[in-house]
Amino acid sequence: MTSLLLIAALPLLLALGAMLMPFRWVRWAVPILAWLQLLVLAWLTWPVLSQSQPLLRLTADFCVDRLAALFMLLTTCVVASSLTHAPYYFQAEMHQLDQRHVRIFYAASSLFLLTMTTVFACDNMGALWIAVEMTTLVSSPLVYFDRTKNAVEATWKYLIICSVGIAFALLGTTLIFASSQQALAGSGSMQITDLMRRASTLQYQWLHLGVIFCILGYGTKAGIFPLHNWLPDAHSEAPAPASAMLSGGLLNCALFAIFRITQIVVASDHRGLTIDIVIAMGAVTAIAASLMLLRQHSFKRMWAYSSIENVGIMLVAIGMGSGMLFFLQAANHSIAKVALFLVSGNVVQASGTKRLNALHGVLASSPVWGILLALGALSITGAPPFGMFVSELAILVAATNPGYWPVAVALLTALSISFVAISLHVGRVVCGAAKPGFASTGSQLASSLMPGLLMLCSLLLGLLIGPQVLGYLR
Amino acid sequence: MSLSSFDLLLSAIAITAIMMLGTTNIGTNLRLYALHSLLIAAATAWLGQTRHEPALFLVAAIFALVKAGFVPWFLNSIIRQVGGHSDSGAFIPTALSMPVGIALLGANNVLAQRLPTVINGDGGNIGETFALSLITTGMLLMLTRNIAVNQVIGFLVIENGIYLFSQTQTQGMPMALEMGILLDLLVAVMIAGILLFRIKKNFEHIDISKLTELKD
């Protein structure tokens, strides 16, 4: 119980502080405390991280295993990096920003961090649902930040589509709960670890139906095809640091919820059908998103579709039941995508347009941003030696092993198409003559600090983990 | 097939929901929603009586207070300020959406009989039919209406259907979870309310079928 309070303490304090402390402190105090939260989490979850104990139970409804701890750290990292970069983003618009709106942004981000962290700690299906729905609610002020027509439209779609999607996950949760009551004659259970233990005694028809509803529900929030409509809108209309958090943090939460639910099916005797559905959905999502990447006109929407493609790849990893592969891909995607959204935010701000055909010559106007964009594009498309290459290769190899050949082919196709699409679009943005009227406020070097560090992380992930994973595959 | 009085109560819940499909006046819709939520609260209290679980009375009271009291009042006050009392309907004409709702009720009955029977739940197939009917009615409401408030109402009806499903088909979720879900819903409605003001201010209408600026 105390550890649960400790996890929640700093973000709550942050949310309160963002609304109350003197305005000039907010921009620095919030990121610093967010990094501190990373240390707190690492200290609390050390027993499971160092594998000295398999499960850290916080209360009856909350527990943390190694995968959950890793995801918690990753998410906190994503939020802290985005918030560290946020002052550089707001600097350019500072004269026209309302102080209260900036305060709300920081407060909502802190609550967003809290709810996302909670998702990973849930051991109770009901609590998991509440936490995932809460992430939608507290992140809608982030999407709404600009308060323009487009931002309002995106927020409305985000709130309504995700809420209705999540409602179906609640129906699924109820169905799984019902399946446990039939087996245990009387006392139903919503505890995931408990359900996994008794998986073979669950009423399997209810269980399957429930899991499918849960996958659809949480899948809406993860942006699976064809329930992805809200995602490009929300990710492109939110301010860059919020887009980074949505893409690098929120998608992992929704996918993690799917992973937890599928774990129950994997533990039961009837795993086949439902797991195949997850893998098929992942493959279809990856292909559809890569095709849509080709015909993009907006810079930030392009990264949103690239996120959907990665969601597809991660779903395949989840379907194959490999938590570690899922995490590896999620970590690589989050790190690279946060860096990309932050740099793209800078570029969009400086050139005053999001339209791909109006953006060109970033390398000539700002060499640092140009190089970072190019590196980021290489990293996100899975080019070696970045981390993404390793995780995607591992997933592909894993897909060929148990005979998921069509899936491997589909993923390879999706990866190739998206590689071409992203290289083409980013190439046009980076190269060419400098754009007249490209005006960056503040130091370009300072606003490249966070993205640069993240790119370095992505590179290191590839160089450090790469040989191990490849050796293991061999 | 004979219906018990509890089944009749459940059928009244489904019928008030289907009646919402028949009107385009948002005020009437909200009143019907309040009545419908009140009936669900009554059904919850009924279950509390038959199962001898006093906790369910508390759930019923809070449910009535939030869903039959605060939410309709809140949405109504927003409608009064934002304007837009009636809805023109969208993909399916309003005159047709009520018969479709009734047909779906029949389809849900067939579906409910095909699903495995529940051992522990009260209400059996009848409860299942009406709960599923609420979910499909809510979906129809969301699909057939243009005004943003009606989307929220549709979502709330879906949510009520899921609640009714969990009450009749299981022994009820733990109370803490029910309260958490209700809190989520309350926050969602309030955020939607704030957004409604903003939509009205930026677009000068709250017709979501005209929110089409964002596309690839």
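The model is predicted. Chain A is assigned domain 1 (1-269) and domain 2 (271-474). The contact between them draws on 50 residues from domain 1 of chain A and 45 residues from domain 2 of chain A.

**Arrangement and buried area**

- Taken over C-alpha atoms, the centres of domain 1 and domain 2 of chain A lie 22 Å apart.
- The two domains of chain A bury about 4100 Å² between them. Carbon and sulfur atoms account for 75% of that area.
- On the domain 1 side, the residues that lose the most area to domain 2 of chain A are His85(A), Phe225(A) and Leu255(A). Together they make up 14% of what that side buries.

**Polar and charged links**

- Two salt bridges are counted between domain 1 and domain 2 of chain A.
- Asp233(A) pairs with Arg301(A) in a salt bridge. Their closest N and O atoms are 2.9 Å apart.
- Polar contacts between the two domains of chain A come to 10 residue pairs, with both residues at pLDDT 80 or more.

**The domain 1 side of the contact**

- Helices H4 (66-93), H9 (204-222), H10 (230-237) and H11 (240-267) of chain A each give two or more residues to the side of domain 1 that touches domain 2.
- H11(A) gives the most to this side, with 15 residues.
- By residue class, the domain 1 side that touches domain 2 of chain A holds 30 nonpolar, 16 polar and four charged residues.

Definitions and conventions: Residues are numbered from 1 along each chain as its sequence is written. Chains are lettered from A and ligands numbered from 1 in the order in which they are written. This is a predicted model: local features need pLDDT of at least 70, side-chain atom pairs count only at pLDDT 80 or more; totals for chains, interfaces and linings use all residues. Side-chain values use heavy atoms; hydrogens and water are left out. Domain bounds come from an automatic or database domain assignment. Contact means heavy atoms within 4.5 Å. Buried area is the accessible area (1.4 Å probe) that two parts lose on being put together, summed over both. A salt bridge is a side-chain nitrogen of Lys or Arg within 4 Å of a carboxyl oxygen of Asp or Glu. A polar contact is a pair of N or O atoms within 3.5 Å; within protein, one must be able to donate a hydrogen and the other to accept it, and residues adjacent in sequence count only if both atoms are side-chain atoms. Helices (H or I, at least four residues) and strands (E, at least two) are DSSP runs, numbered from the N terminus. Ala, Val, Leu, Ile, Met, Phe, Trp, Tyr, Cys and Pro count as nonpolar, Asp, Glu, Lys and Arg as charged, and the others, Gly among them, as polar.
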